[in-house]
Amino acid sequence: MAISSPYPPHTDGPRPVWWRREWVRHGALAGLLALSGVVILALVRRQTGTEGFLVGLGLAVVPVPWLTAAFRWLDRVRPGPWRNLLFAFAWGACAAALIAIVANSFATHWIATATADPSGADTLGATVIAPVVEESAKAAAVLLVFVFRRRDFTGPVGGAAIAGVTATGFAFTENILYLGNAFGTDQSIGTSGIVSVTAATFFVRGVMSPFAHPLFTVFTGIGFGLAALPRGRRLRVLFPVGGLLLAMGMHALWNGSAAFGQFGFLVVYGGFMAPAFGLLAWLLIRSRQRELRVAREELPVYVYAGWLAPAEPFALGSLRARRLARDHARRFLGGRPAARAVVHYETTATELALLRHRARAGRIGPDFATREHELLTALWRTRASSRPALEYAAQVTAPPPSPVTYWQRYGHPAPPYAGYNPYRT
């Protein structure tokens, strides 16, 4: 398998018509999300009152930063652009929440009118209608990123991050509604403090189960992430559909826990939701570690060809070394722009390693050479600002000397300068 040379030929394609231009699509989408946000906030304030809305807003924002940071940390090996996460959060908080509140209310009212059983309509709406409507609305954000930003869709971990942030936005708006209504209940019955309905609602939704909505929707994201991998095209559609159905099923089980008796919530929470969350987190972290291992194993061939420095495969295969490289670049090599350049270099190198890994496994696409050209050229253009930081990180985090050379360990021939130890000064 030949390794590409830099500077691929560049050709300018025909200019798209005005309604297909990127700024037009971005403007239309931003306008749609802004309009949805105004409408959903007005609906929530109408139900909770101004004071309840403000209290709900203040409490609902508490779990948002650490949930978003957790998904960003999970996707740290190949982080997608921040604009994707901002879109995902805005879609969940505005568009998906608006779709859910309108569709759920309409469906529940229609069932109650048709059956003359308001209590049964509420139960059916919570256990059947809401999971289908809400998970479909949140999945729309993942679908849009998958279709229009496929290159940023980096696999199951990236899909989980986009889906999780979408669900975090949805839960944020939903929590404003629930907490605002709880505050209104406290105002009407005269309770306050730790024994109030507001405190109990915040404890359940903001402390015990802030991961509930993200956990459901992450399965949809994993399904789209699996569909983004090079596989048989006939099976790709099954992964997103299966993930969405699993998300709906888990959501229905969670909403229906109240029907299982007095301790139904605790049974579902302790016996199913918490273990499922732990297992899913372990699987996603393991998938991230696999990407780091692929970087260590595949990138030495580019060192041998002269594209990368000898220290880089080790540094790019270690989360600690990557973090040190970014910190070193920010402190000593040019501030935040230098740190962003290192992040871009790390992400591009990881994508290159995974591309070659798929090719060696026989899952090569017709655009392999073009894509390899693009990634290598992107690395070459930013090498001057990124290599010093990565070499520093490799020196700091170097493993102890081993009688087995780095090249022998991963089955690569030693380059002409293999006697040079990139890890020790």
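1. Start with Leu 245. This residue sits in helix 9. The model is a predicted one, and in it Leu 245 is exposed, at a relative accessible area of 54%. The cut-off for exposed is over 50%, so Leu 245 falls in that class.

2. Leu 235, Val 237, Leu 238, Val 241 and Leu 245 make a nonpolar surface patch of about 490 Å². Which helix gives the most to the nonpolar patch? Helix 9, spanning residues 238-255, does, with three residues.

3. Now the overall picture. The protein chain has 17 helices and zero strands. Its length is 425 residues, and 47% of them count as buried. The accessible surface of the chain is about 21,400 Å². Carbon and sulfur atoms hold 65% of that surface.

4. Contacts across the sequence come next. Take the contacts in the chain between residues at least 6 apart in sequence. Of these, 78% join residues at least 24 apart.

5. On to charged pairs. Side chains of opposite charge can pair when their charged atoms come close. How many salt bridges does a search of the whole structure find? The count is eleven.

6. Glu 291 and Arg 78 form a salt bridge, with the closest N and O atoms 2.9 Å apart. Glu 291 belongs to helix 10 (residues 264-298), while Arg 78 is in the loop between helix 2 (64-74) and helix 3 (82-115), so the pair ties together parts that are 213 residues apart in sequence.

7. Salt bridges link Arg 78, Glu 291, Glu 351 and Arg 358. When checking Glu 291, view it with the other members of the network, including Glu 351 and Arg 358.

8. Glu 312 pairs with Arg 387. The closest N and O atoms of this salt bridge are 3.0 Å apart. The pair links distant parts of the chain: Glu 312 is in helix 12 (residues 312-316) and Arg 387 in helix 16 (residues 383-396), 75 residues apart. Glu 312 is buried, with a relative accessible area of 0%. Arg 387 has 18% relative accessibility. Buried means under 20%, so Arg 387 also counts as buried.

9. Glu 374 and Arg 371 are a local case. Their side chains meet in a salt bridge, 3.1 Å from N to O. Both residues lie in helix 15 (residues 368-381). They are three residues apart, about one turn of the helix. Glu 374 is partly exposed, with a relative accessible area of 32%. Arg 371, at 16% relative accessibility, counts as buried.

10. Helix packing deserves a look. Two packed helices are described by the angle between their axes and the distance between the axes. Helix 10 and helix 14 (residues 335-360) pack at about 80°, and their axes are 8 Å apart. The two helices are therefore roughly perpendicular to each other. On the helix 10 side, the contact is made by Arg 290, Glu 291, Val 294, Ala 295 and Glu 298. Helix 14 brings Thr 350, Ala 353, Leu 354, Arg 356, His 357 and Arg 360.

11. How does its accessibility class it, buried or exposed? At 0% relative accessibility, Ala 349 counts as buried. Leaving aside neighbours within four places in sequence, Ala 349 is in contact with Leu 299, Leu 316 and Leu 379. Ala 378 is 29 residues from Ala 349 in sequence. In space, the two are 9.2 Å apart, C-alpha to C-alpha.

12. Last, Ala 42. This residue is in helix 1 (residues 22-60). Ala 42 counts as partly exposed, at 43% relative accessibility. How far apart in space are Ala 42 and Phe 53? Their C-alpha atoms are 9.8 Å apart, and eleven residues separate their places in sequence.

Notes:
Residues numbered from 1 in each chain as written. Predicted model: local features only at pLDDT ≥ 70, side-chain atom pairs only at ≥ 80, totals over all residues. Heavy atoms only, no water. Patch = residues over 30% accessible without salt bridge, like charges linked within 9 Å, V, L, I, M, F, W, Y side chains within 5 Å. Areas by Shrake-Rupley, 256 points an atom, 1.4 Å probe, with all protein chains shown as cover. Salt bridge = Lys/Arg side-chain N within 4 Å of Asp/Glu carboxyl O. Helix = DSSP H or I, 4+ residues; strand = E, 2+ residues; numbered from the N terminus. Buried < 20%, exposed > 50% of the residue type's maximum accessible area, 1.4 Å probe, protein only. Axes fitted to C-alpha atoms, helices over the stretch in contact; angles between N-to-C directions. Parallel < 35°, antiparallel > 145°, perpendicular 65-115°, else oblique. Contact = heavy atoms within 4.5 Å.
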